[in-house]
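Reader: I'm new to this one, so could you walk me through it slowly?
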Amino acid sequence: MSREYAREMVLRIADAVSGGEVVPVETAHISGVSYFTIGEYGVEFLEFLASSGARVSVFTTSNPAAIDLSGLLQVDEKVAEGQSRISKALRSMGVSIFYTCAPYEFILTRPRTYHAWAESNAITYINTFRDSWSDKNPGPLALLGAIAGFVPKTALYTLDGRRPTAAVEVNIGPLGPLEAGVVGALIGERIGSGVPYIKGAVFADEESRREFAAALSTYSAMVFAVVEGATPNWRQYLELADFRDKIQISAEDIASYVRDVETPDVVYIGCPFADLETVLQIVAEVRRRGPTKRPVYISTSPGVYKQIQRLVEEVSGYNVKIFSGACLVVSPYTRRFRVIATDSLKAMFYIPKLHGVKVVPCRREKCLELAYA
């Protein structure tokens, strides 16, 4: 009965948004699994599906929770109990509880395959850097789609719907994480919707690609960009382009975000989750310089965390706190701080809105300098 219910719900939504057309999906990734963000009604919805016998029919993963896997981010009993109920419901439905916002680390999506993902930064990442096809499916729809095995065939599941509509020229050298995030945010703010075709953007590393994807989807409704030389099939997209807008982004635009900032309570790296290279670079720096004066929080995926478990205890003695399965955006733990310094434009957008905590942007090197200031 439960799969039939999911199929019926998805088909009804498809009637409203895609003329009844659907596409089969290979994988799903659901958001809205933190008790802090979905609350009691969200838990009850998940428990309803689980109790009815619902099971996902494709490989399905989940977003970060309100509590990290090691218990570093302490929360009150109500949140802890609610998060436990969420985990139980998800497991009973066959969802793989990885609690990560970077499922692309281990789900190697292929070009032009269909997926039902709900986390905007992850959707933007696979759309942009792999030409895998996912629209931004709201969390409940992604879960229903995972159970049904299909989602509505909205525009981004079609080649015509992925036609570039805006030309963006980036006149800057290699983009580090902060610069890449600023570029994503500026494109999002200036264009707002459609598909940007980006020329001249060179990303310095994996972390920079993640920050670009996160910022673009945070500061706009867009979850797909064509990056010349980086997006698979970018030449075909250029041939299809119908440019209605044209913008340029310069070093001066970046400079407006990179300025002197006040001394923070803490430094936060890992929104989206930090990759292994980033974590190891920070560990090497604090080993060289010694304990920081202000805590450095690093959120990473459970997969990376497992690889560095021996380092986690060591660097805790340097005032560096590495955790996985949660982040400062979706955990109420964050409300104990006054000012957070970060290289994440996504964290800078969400943390003040969700927690009332001030966030200041800085390049990673500057962020670490502030931790020692």
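Reader: Where is Phe106 found?
Author: In this predicted model, Phe106 sits in the loop between helix 3 (77–92) and strand 4 (115–117), where helices (H or I, at least four residues) and strands (E, at least two) are DSSP runs numbered from the N terminus. Residues are numbered from 1 along each chain as its sequence is written, local features need pLDDT of at least 70, side-chain atom pairs count only at pLDDT 80 or more, totals for chains, interfaces and linings use all residues, and side-chain values use heavy atoms, with hydrogens and water left out.

Reader: And is Phe106 buried or partly exposed?
Author: Phe106 counts as partly exposed because its relative accessibility is 35%; buried means under 20% relative accessible area, exposed over 50%, and partly exposed in between (1.4 Å probe, protein chains only).

Reader: Switching topic, how many residues of helix 6 are buried?
Author: Of its 15 residues, 13 are buried, so helix 6 is largely enclosed by the rest of the structure.

Reader: What comes after helix 6?
Author: Helix 6 is followed by Gly192, which has a positive phi, near 85°.

Reader: Which residues have the most contacts inside the largest nonpolar core?
Author: They are Met93, Ile187, Phe212 and Leu328, in a core of 103 residues; such a core is a set of buried Ala, Val, Leu, Ile, Met, Phe, Trp, Tyr and Cys residues joined through side-chain atoms within 4.5 Å. Helix 6 gives the most to this core, with eight residues.

Reader: What lies apart from that core?
Author: Another core lies apart from it, with 27 residues, including Val283 and Tyr372.
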